[in-house]
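Here are some friendly notes to read beside the model. Please keep the structure open as you go.

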Amino acid sequence: MSHGIHLRAVPYDHPDALKLDAQVQLEYQARYDGEGDATFLDPAMFVPPAGLYLLAYDAADTPVASGGWRAQDHNDEGYADGDAEIKRMYVIPDARGKGLARRILAELEADASAAGRRRMVLETGDQQPEAIALYLSSGYAPSEKFGYYRDYESSLCMAKPLPSQATPA
């Protein structure tokens with residue numbers, strides 16, 4: 001599949017993470033008429049066990065994809081207790097179509113589930129058909145809206161229950 005690609009957990013403010021974050025913001029601006037993602041994200045939100053930030057590196061050790069999750073609980077932005085929110089899923093154009101986003105997504109789901117989270121949630125937009133297709137094919141379903149963009153027409157929210165980690169007595 002994706003030969004020579006390896007995933008590495010890094011801090012959200014790691015230099016390689018910042019580089020990919022700048023690229024995804026440019027992509028959002030291109031797709032949404034100059035609007036980047038203004039959601040406030042703090043590196044502390046992605047520190048295990050309450051989150052995780054992953055980068056995918058190619059055989060030349062170049063960062064080619066990113067994704068993270070952060071714990072969310074019930075609040076006035078529409079989250080529920082036990083939520084794990086996916087943020088900053090991004091694959092550079094040259095590395096698309098190789099299953100990297102799906103691989104990162106699976107790792108994030110497994111990690112959030114192991115951390116006791118009950119549901120993966122994400123927000124994407126109507127100008128990101130590739131993302132929508134990935135999430136629908138990965139078992140996500142449209143959900144009630146939440147988060148910074150919950151009042152935006154172009155915002156789409158999705159959720160997927162996580163398997164329980166409880167072991168039968």
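The points below cover the ground rules, a helix, a proline and the cores.

1. This is a predicted model, where local features need pLDDT of at least 70 and side-chain atom pairs count only at pLDDT 80 or more, while totals for chains, interfaces and linings use all residues. Residues are numbered from 1 along each chain as its sequence is written, and side-chain values use heavy atoms, with hydrogens and water left out.

2. Start with helix H3, residues 129–137 (helices, H or I, are DSSP runs of at least four residues and strands, E, of at least two, numbered from the N terminus). Its buried residues are Ala131, Ile132, Leu134 and Tyr135 (buried means under 20% relative accessible area with a 1.4 Å probe, protein chains only). Seen down the axis of H3, these fall within an arc of 160°, so they line one face of the helix (the arc is that of the directions from the helix axis to the C-beta atoms).

3. Now look at Tyr135. Leaving aside neighbours within four places in sequence, Tyr135 is in contact with Ile86, Met89, Leu105, Leu122, Tyr140 and Met158 (contact means heavy atoms within 4.5 Å).

4. Pro63 is found in strand E3, residues 63–72. Pro63 counts as buried because its relative accessibility is 6%. The C-alpha atoms of Pro63 and Leu7 are separated by 9.4 Å, though the two residues are 56 apart along the chain.

5. The largest nonpolar core has 38 residues; among those that touch the most other members are Ile86, Met89 and Tyr135 (such a core is a set of buried Ala, Val, Leu, Ile, Met, Phe, Trp, Tyr and Cys residues joined through side-chain atoms within 4.5 Å). The largest share of this core, 6 residues, comes from E2.

How values were computed
Buried means under 20% relative accessible area, exposed over 50%, partly exposed in between (1.4 Å probe, protein chains only).
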